[in-house]
Amino acid sequence: MKINVGVLYGGNSTEHEISIISAVQAMNNMDTEKYEIVPIYLTKDSRMYTSSKLLDMDVYKDLKKIGEVATEVILLKKDNDYVLMKNKFPFSTVKKIDIAFPIMHGYNTEDGSIAGYLEVLGIPYCESDIYASVIGQDKIYQKQVLKENGIPVVDYTYFYESDYLKDEASVIKKVEKLEYPVIVKPARQGSSVGINIAKNKKELESAINEALNYDEKILVEKVVENLCELNCSVLGDNSNYEASPIEQVYGSDEILSYKDKYMSNGSKGGSKGMASTGRKIPADIPSSITKKIEEISINACRALNTNGVVRIDYLMDKKTNKVYLNELNIVPGSLSFYLWNAKDVNYKKLLTKIIDCGIKRYRDKSKKLSSFETNVLATFNGAKGVKK
Ligand SMILES: Nc1ncnc2c1ncn2[C@@H]1O[C@H](COP(=O)(O)OP(=O)(O)O)[C@@H](O)[C@H]1O
Ligand SMILES: [Mg+2]
């Protein structure tokens with residue numbers, strides 16, 4: 001019997017459209033002999049739609065018209081099954097879901113929100129759990145955890161909007177200790193949104209104001225000079241992580257922009273996400289650096305306890321060959337399929353491995369106790385029983 005895989009995508013995130021691209025690509029590459037693919041599209045205002053028509057990229061040209069081709073549903077537990085049910089009378093079951101596969105990027109989705117939602121429902125799901133996802137999304141938490149695990153990250157500092165409003169001068173002073181040039185980032189965004197380099201105080205103030213449009217938590221890092229950007233994907237779970245070949249990515253500007261990542265052939269409407277950025281696989285780097293990056297990547301996945309596929313991005317100073325882990329993406333654009341292709345793992349095989357990891361975690365977790373047989377409420381004795 002086929003496994004029904006509910007692919008969740010879209011959602012209330014600045015990377016909504018990128019999620020649609022990643023998910024439609026993935027759904028069209030899943031092994032249809034093993035899986036029945038059930039698209040579950042979340043609109044920007046969190047309505048849920050399903051239809052086999054959602055496998056076609058053309059239906060997303062006008063997002064307001066999704067309701068004309070797909071059925072609005074809710075995901076819930078009914079008897080012992082997880083089902084998509086029509087949200088209007090008559091409330092009939094549209095599809096059964098055996099496992100959810102969220103392919104969502106960014107704030108409100110990839111940041112643990114969707115993993116939390118699926119945990120509360122109790123439905124098995126693929127990719128990383130809440131804990132890894134939260135740390136994956138918050139660039140500051142991530143640096144703190146990685147540093148604690150001996151992984152090289154660039155020097156950084158951070159502050160909240162309230163600190164800046166209260167005492168702008170002391171925030172600027174703290175940042176300037178890093179020495180210009182610095183790079184200012186909203187802590188919990190992605191796709192280069194709101195990120196700018198500052199070479200002096202005036203540029204710093206403007207970069208901070210720009211970043212504050214997106215988040216109240218701001219990260220400022222030292223800029224890595226003579227920049228070479230390298231990415232490595234990791235697949236598996238804490239019992240067995242495997243690193244992909246390393247890619248070298250090229251942008252058209254000082255920093256890899258949203259345009260570089262997703263619109264390099266956008267004028268023809270053919271964006272492929274990170275899969276279309278200028279790149280070289282394998283990267284033209286000494287084998288000692290390849291080995292080092294593979295090792296750091298696996299250690300970083302262990303530190304966060306990731307599950308499924310992730311992509312880890314590095315910044316290297318070409319003059320000194322010093323490598324820094326820039327960020328770990330919990331749900332990478334295009335699920336990094338092009339990196340696995342280079343290792344003879346085709347997209348179909350990659351998706352099967354991710355689903356297998358999700359099933360394994362669900363089975364392992366089901367063996368752990370999550371409740372006690374004794375019902376404390378049966379002997380609850382009013383205020384006397386309240387824990388002090
Ligand atoms: N410390 C840094 N030094 C130099 N360039 C950087 C630095 N941090 C980020 N960049 C550039 O900015 C881009 C986006 O930053 P990143 O932290 O990866 O944010 P996002 O989550 O939006 O991808 C990177 O791909 C790189 O080109
Ligand atoms: Mg990045």
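User: Why is Lys44 called partly exposed?

Analyst: In this predicted model, Lys44 has a relative accessible area of 43%. Partly exposed covers the range between the buried limit of 20% and the exposed limit of 50%, so Lys44 is placed in that class.

User: What makes the contact between Glu17 and Lys44 a salt bridge?

Analyst: The N to O distance between the two side chains is 2.8 Å. A salt bridge requires a Lys or Arg side-chain nitrogen within 4 Å of an Asp or Glu carboxyl oxygen, and the pair therefore qualifies. Glu17 belongs to helix 1 (residues 16–27), whereas Lys44 sits in the loop between strand 2 (35–42) and strand 3 (48–50), so the pair ties together parts 27 residues apart in sequence. Glu17 is partly exposed, at 31% relative accessibility.

User: What makes Glu247 and Arg279 a salt bridge, and which parts does the pair tie together?

Analyst: Their closest N and O atoms are 2.4 Å apart, which is within the 4 Å cut-off. Glu247 lies in strand 13 (residues 240–250) and Arg279 in strand 14 (residues 278–280), so this pair ties together parts 32 residues apart in sequence.

User: How do you know that Asp313 and Arg311 form a salt bridge?

Analyst: The closest N and O atoms of Asp313 and Arg311 are 2.8 Å apart, and the cut-off is 4 Å. Both residues are buried.

Note on methods. Residues are numbered from 1 along each chain as its sequence is written. Chains are lettered from A and ligands numbered from 1 in the order in which they are written. This is a predicted model: local features need pLDDT of at least 70, side-chain atom pairs count only at pLDDT 80 or more; totals for chains, interfaces and linings use all residues. Side-chain values use heavy atoms; hydrogens and water are left out. Helices (H or I, at least four residues) and strands (E, at least two) are DSSP runs, numbered from the N terminus. Buried means under 20% relative accessible area, exposed over 50%, partly exposed in between (1.4 Å probe, protein chains only).
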